[in-house]
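Work through the exercises below with the sequence and the model in view. Each task is followed by a stepwise solution.

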Amino acid sequence: TWSDHRVRMTANSVLSAVALVMAALVLLTGWMGQMRRAFVAVTLVLVASVVMRQALPAIVERTRAPRDA
């Protein structure tokens with residue numbers, strides 16, 4: 001569908017970039033012993049993945065203008 005192609009593909013690209021940055025942050029903060037920051041980074045990636053993969057396509061499908069037949 002339209003939302004699969006436009007929304008989910010873009011969301012997956014953004015999510016992969018965010019996850020890459022957060023992985024570097026987790027590596028750095030884990031190395032320095034700041035476990036709270038590492039936990040927050042992992043939690044943010046998990047929440048962002050649920051929002052971008054589940055909620056965002058549903059919101060876009062409901063809010064976009066209906067197509068003319």
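**Exercise 1.** Does Thr 29 count as buried or exposed, and why?

Solution. The model is predicted: local features need pLDDT of at least 70 and side-chain atom pairs count only at pLDDT 80 or more, while totals for chains, interfaces and linings use all residues. Residues are numbered from 1 along each chain as its sequence is written, and side-chain values use heavy atoms, with hydrogens and water left out.

Step 1. Take the cut-offs: buried means under 20% relative accessible area, exposed over 50%, and partly exposed in between, with a 1.4 Å probe and protein chains only.

Step 2. Thr 29 counts as buried because its relative accessibility is 3%.

Step 3. Helices here are DSSP runs (H or I, at least four residues) and strands are E runs of at least two, numbered from the N terminus.

**Exercise 2.** Describe the surroundings of Thr 29.

Solution. Step 1. A polar atom of the Thr 29 side chain lies 3.3 Å from the backbone oxygen of Val 26.

Step 1. Leaving aside residues up to four places away in sequence, Thr 29 touches Gln 34, Arg 37 and Ala 38. Contact means heavy atoms within 4.5 Å.

**Exercise 3.** Which residues does Leu 15 touch, not counting those up to four places away in sequence?

Solution. Step 1. Leu 15 sits in helix α1 and is buried, because its relative accessible area is 9%.

Step 1. With that sequence exclusion, the residues touched by Leu 15 are Val 45, Ala 48, Ser 49, Met 52 and Arg 53.

Step 2. Follow one of these, Ser 49, which lies in helix α2, residues 35–63. The C-alpha atoms of Leu 15 and Ser 49 are 6.7 Å apart, although 34 residues separate the two along the chain.

Step 3. At 18% relative accessibility, Ser 49 counts as buried.

Notes
A polar contact is a pair of N or O atoms within 3.5 Å; within protein, one must be able to donate a hydrogen and the other to accept it, and residues adjacent in sequence count only if both atoms are side-chain atoms.
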